Amino acid sequence: MDPNPSHDTTTTSLDSQSHCMEIEAMEVHRVAAPPARTVAQKLGSRLKETFFPDDPLRQFKGQPARRRWVLAAQYVFPILLWGPDYSLKLFKSDVISGLTIASLAIPQGISYAKLANLPPIVGLYSSFVPPLVYAVLGSSRDLAVGPVSIASLIMGSMLRQEVSPTKDPLLFLQLAFSSTFFAGLFQASLGLLRLGFIIDFLSKATLIGFMAGAAIIVSLQQLKSLLGIVHFTNQMDLVPVLSSVFHHTNEWSWQTILMGVCFLVLLLVARHVSMRRPELFWMSAGAPLVSVILSTILVFAFKAQRHGISVIGKLPEGLNPPSWDLLHFHGSYLGLVIKTGLITGIISLTEGIAVGRTFAALKNYQVDGNKEMIAIGLMNIVGSSTSCYVTTGAFSRSAVNHNAGAKTAVSNIVMSVTVMVTLLFLMPLFQYTPNVVLGAIIVTAVIGLIDIPAAYAIWKIDKFDFFVMLCAFLGVVFISVQDGLAIAVGISLFKILLQITRPKTVLLGNIPGTDIYRNLHHYKEAMRVPGFLILSVAAPINFANSTYLNERISRWIEDHEMEEDVKKQSSLRAVFLDLSAVSAIDTSGVSLLKDLRKAMDKKGIELVLVNPLGEVMEKLQTADEGQDLLRPDNLYLTIGEAVASLSSSIKAQSTSHV
């Protein structure tokens, strides 16, 4: 045992003081108060940042009245922005891309309508009117509009829980059109009210897991067509579907299986070649239509419908009949159509905007999210009145449109005209189209939704996000599409709540030879300043986390004091709170700082606040009536200045005592 422990304590104290003396005095900058603003100015600024972060009115500033009217018309109808400069050269490119995506849209439209348990003709109707509406209102040059697999699956599965599409097809059709109306109303409302941030709650991890799970479910549903099964389950999740497949092996048709395998291989090979060599995009674009034509000829030539191969049957000719009289706004099914419209609206809107922004980034132009919401919403509202169901921008068609060289939204108009010609003159040709080929087309289309490289990247970057993705995937596959999505969104919200209620506080140390202070666990060369506890809070301080922060900061102080007792260092003189990352504070947060100040004063410890931001500073000033919280000697702009100033004070006090 050391015979003279007091000597060691004195030595340690002197070492601490010498460390403080080594920190050179520097100029101390005053923490300025933010400019005074009225309540109306604060509210206006907050509302502008919340609902108008893109400041859509900035283009009108300084413009004459006539020019403002022109800009307003161009803002509402983007076609007026590029239409006056449209040229024959652009038209040639758009015609080629429009015809190319039409060759894909026609078979996909028929296939996706069957996936939604709707008449196949509705899929073609939905590829005719909505693209025309989008061409006038949409801001994307590459988005190809039409039915999509995921929205079709969700609508069909949700409505089928209440109404049978085979026993009551008219009511089912009414509910589908009504759901489309509410989907469009919800989408347009989000855009008009500037509430697009709501769809951001569907994180990338959630969407990747959800899309992959939905792709599996969609593919499993096609086993009915690919195997020729007549009595198939109405449930969507994995176990009942596989059970139905293996309980009806007596219904399997070898002719159907043979045709399905052949055309599935053809479609997959064409897709693979186009992915490996993008200049051959026309192979994957034309393969579905070629498959439909070849299979129809084979069925007609060999009378295959008499040998177990089911066909579409006769489809009505003519353009979209009006359907506003079929919209269902009352009765016991109103809640069902609103719920279905809400979910399909969110999913289709998220997919459409994501696809539009993806291709806009490739061509270096901007897509206005709120205008896209309004365009897609009005497109679906108009569609619900013209015998169409939910449509949006499909990734597969948009990719083909992009690769085919589309220059403007005229490619959608060309596609729509091609579909119109098909509706008017070519419908009898689809009478002998086999359902098995439509199933193969759907499987080929949804395979691209399974993004394994993205899932692996999520696993490497964030394990919690991977868990969310896995929950979405397993929920969709084993429970239901909507429940799987709800579970994933719920877990994502729980993650956000954890980040809000348990903000990070880190212990900072000084990097020798500088006035820079960084996380001690991150920068190994950083050193603690004896007698000082320097903490950084990396989140807004509010009612949800003020109690936790109080407990956490108190524990930091206790741990620091215990270490000092063990190492026999100088006692704790000051606690520094770096508020640089605290963007906001509420009354609970202000109370927290006041309570900390009182607790520190009782212990004889200084509480130093470093760099409070504008809103935080303003609220602290308002609450600090007694000038106890924001004393000049406890408020600094940087940690370096705060440490240097308090070190000088400690040095001066030590000198005066001597």
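Residues are numbered from 1 along each chain as its sequence is written, and side-chain values use heavy atoms, with hydrogens and water left out. Because the model is predicted, local features need pLDDT of at least 70 and side-chain atom pairs count only at pLDDT 80 or more, whereas totals for chains, interfaces and linings use all residues.

The protein contains 26 helices and eight strands, where helices (H or I, at least four residues) and strands (E, at least two) are DSSP runs numbered from the N terminus. Its radius of gyration is 33 Å, well over the 26 Å that the globule rule gives for 658 residues, so the protein is more spread out than a compact globule. The radius is taken over C-alpha atoms, and the rule is 2.2 Å times the number of residues to the power 0.38. Along the principal axes, the C-alpha trace spans about 110 × 70 × 55 Å. Of the 658 residues, 50% are buried; buried means under 20% relative accessible area, exposed over 50%, and partly exposed in between (1.4 Å probe, protein chains only).

Strand β5 (residues 532–537) is mostly covered, with six of its six residues buried. In a regular strand the side chains alternate between the two faces of the sheet. In β5 both faces are covered: F532, I534 and S536 lie on one side, and L533, L535 and V537 on the other. Strands are taken to pair if DSSP finds at least two bridges between them. Strand β3 (residues 505–510) runs antiparallel to β5 and is joined to β5 by three bridges, with V506 and S536 as bridge partners. Strand β6 (residues 574–578) pairs with β5 in the parallel sense over five bridges; here L535 has L577 as its bridge partner.

Seven salt bridges are found in the whole structure, each defined as a side-chain nitrogen of Lys or Arg within 4 Å of a carboxyl oxygen of Asp or Glu. One of them links K363 to D142, with the closest N and O atoms 2.9 Å apart. K363 lies in helix α15 (residues 334–363) and D142 in the loop between α7 (129–137) and β1 (145–146), so the pair ties together parts that are 221 residues apart in sequence. D142 is buried at 0% relative accessible area, while K363 is partly exposed at 28%.

A salt bridge between K619 and E615 has its closest N and O atoms 3.3 Å apart. Both residues lie in helix α25 (residues 614–623), four residues apart, about one turn of the helix. K619 is partly exposed at 35%, as is E615 at 25%. For R631 and D633, the closest N and O atoms are 3.9 Å apart. Salt bridges that share partners also join D462, D465 and K495 into one network.

With a disulfide defined as a pair of cysteine sulfur atoms within 2.5 Å, the count is zero. Among the cysteines, C262 is partly exposed at 45% relative accessibility and C471 is buried at 17%.

A nonpolar surface patch is formed by F197, I198, F201, L493, I496, L497 and I500, which together have about 560 Å² of accessible area. Patches are made of residues with over 30% relative accessible area and no salt bridge, like charges being joined within 9 Å and nonpolar side chains (Val, Leu, Ile, Met, Phe, Trp, Tyr) within 5 Å. Accessible areas come from the Shrake-Rupley method with a 1.4 Å probe; for residues, only the protein chains shown count as cover. I198 sits in the loop between α9 (169–192) and α10 (204–221) and is partly exposed at 33%.
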